[in-house]
Amino acid sequence: MTLQMFWLMAITCAVAVANLYYNQPILAAIAESFNASADQVGWIPTLTQLGYASGLLLFVPLGDRLERRQLIVTMLLITASVLIIAALSPNLNSLVVASYGIGATTIVAQILLPFATELVPPNAQGKIVGNLMSALFVGSLLARPVGGWLGEQYGWRSIYWSAGGGMTALAIASAQLLPKSQPTLKLTYLQLLQSLWGLVKSQPVLREASLIQAILFGALSVFWSTLAFLLTRPPYSYGSNVVGLFGFVGIGGILAAPVLGQIAARGTAKTLRSMVGMALVASIAAYLIFWKFETQVWGLIVGSMLLNLSSQGALVANQVKVYSLLPDARSRLNTVFMVSTFLGASLGSVVGTYGWSAFQWTGVCLAGLLLIGIAGIRFGTIDIST
């Protein structure tokens with residue numbers, strides 16, 4: 001792992017994952033453009049997350065079977081093509097379909113993460129996971145202000161044009177700078193997919209980490225999928241550029257991720273369990289703050305900081321646990337874990353959107369608390385050894 005290699009991986013993780021979140025601050029603008037309701041445009045983030053989950057299932061396992069550099073370059077170029085299709089969407093239905101395609105193909109970060117752990121010694125794996133997770137968090141954080149600003153200045157289509165160009169540039173850089181990998185796994189593609197279920201059945205740590213992270217990520221998605229609807233109406237009446245700026249409140253998660261990664265790498269099962277437990281408590285506190293201080297911007301800022309930081313802490317702890325299970329199956333372990341996580345995110349988008357439609361911001365807060373409560377109940381039944 002050279003410094004140049006690390007920075008390329010970090011930038012690729014950040015820019016690729018940003019594709020999942022560009023749409024969140026501009027949902028109100030898209031609704032206005034196509035004369036659509038909140039329920040209708042709510043399918044854009046939902047299908048993006050569902051697409052990401054299916055892409056993780058179908059493509060990430062190939063990281064254990066194919067030469068990774070070629071796989072990464074190919075996926076980056078396909079993502080660039082789908083982003084351009086989204087930019088050209090003539091109606092909402094075509095944009096929703098394109099959003100699914102964007103999610104399904106922008107999965108290179110989840111190929112890079114297990115790839116990176118193979119390029120460093122075992123005692124540095126927690127640190128590299130934490131650092132690359134920081135990059136992922138930077139991408140998700142910057143996606144919202146960048147998406148909001150571009151949407152405000154140049155229209156929502158400009159976001160997809162810009163993102164398509166970024167994916168193309170990263171594909172060129174990756175082809176030149178990433179090392180080749182030589183996977184030893186000889187399974188066919190069908191056998192590769194079938195082996196995922198075997199991992200789920202044989203690894204209780206994988207099952208529990210995946211379930212809890214899915215629900216926590218769903219709670220995060222409840223907030224971010226509905227925030228634009230709250231902030232673009234009175235008493236706030238903000239434009240999409242200001243809505244996007246809320247992404248910056250997650251900077252604490254970026255700063256904390258490398259430290260959390262080191263703690264998780266050195267920690268025992270009890271330490272990792274404590275990290276997840278604290279994340280659950282912080283998430284509950286975040287939604288109580290959202291509910292109590294709906295009309296006060298400082299409450300939204302404090303709550304979103306807590307929610308982002310708790311999600312980041314749980315994610316790092318759970319990923320370190322999962323990556324330590326079977327070194328030869330890291331891409332497939334990551335597939336199961338991240339498919340679960342983003343299925344949870346898509347569920348959160350749906351639940352959050354319907355919560356907003358039914359009871360406005362109160363419905364959003366109740367939806368988030370319900371999901372966290374389910375995670376808390378499951379967490380309480382897990383043996384400390386997991």
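1. In which helix does Gln 360 lie? In this predicted model, Gln 360 belongs to helix α17, which covers residues 330-380. Although Gln 360 is not a glycine, its phi is positive, at about 55°, and with a relative accessibility of 29% the residue counts as partly exposed.

2. Asn 35 is another non-glycine residue with a positive phi, again of about 55°, but the setting here is the loop between α2 (27-34) and α3 (38-41). Asn 35 has a relative accessible area of 73% and is therefore classed as exposed, the cut-off for that class being over 50%.

3. A cis peptide bond, with omega of about 5°, joins Pro 234 and Pro 235. Of these two residues, Pro 235 is placed in the loop that runs between α12 (227-231) and α13 (240-245).

4. Turning to helix packing, the axes of α5 (residues 68-87) and α9 (residues 157-177) come within 8 Å and cross at roughly 165°, so that α5 is roughly antiparallel to α9. The crossing in which α5 passes α9 is left-handed.

5. On the α5 side, the residues making this contact include Ile 72, Val 73, Leu 76, Leu 83 and Ile 84, while the α9 side contributes, among them, Tyr 160, Trp 161, Met 167, Leu 170 and Ala 171. Sorted by class, the contact of α5 with α9 holds 16 nonpolar, 4 polar and 2 charged residues; Arg 69 of α5 and Arg 157 of α9 are also part of this contact.

Conventions
Residues are numbered from 1 along each chain as its sequence is written. This is a predicted model: local features need pLDDT of at least 70, side-chain atom pairs count only at pLDDT 80 or more; totals for chains, interfaces and linings use all residues. Side-chain values use heavy atoms; hydrogens and water are left out. Helices (H or I, at least four residues) and strands (E, at least two) are DSSP runs, numbered from the N terminus. Buried means under 20% relative accessible area, exposed over 50%, partly exposed in between (1.4 Å probe, protein chains only). Axes are lines fitted to C-alpha atoms, for helices over the stretch in contact, and angles run from 0 to 180 degrees between N-to-C directions. Angles under 35 degrees count as roughly parallel, over 145 as roughly antiparallel, 65 to 115 as roughly perpendicular and the rest as oblique. A crossing is left-handed if the near helix is turned anticlockwise from the far one by less than a right angle, and right-handed if clockwise. Contact means heavy atoms within 4.5 Å. Ala, Val, Leu, Ile, Met, Phe, Trp, Tyr, Cys and Pro count as nonpolar, Asp, Glu, Lys and Arg as charged, and the others, Gly among them, as polar.
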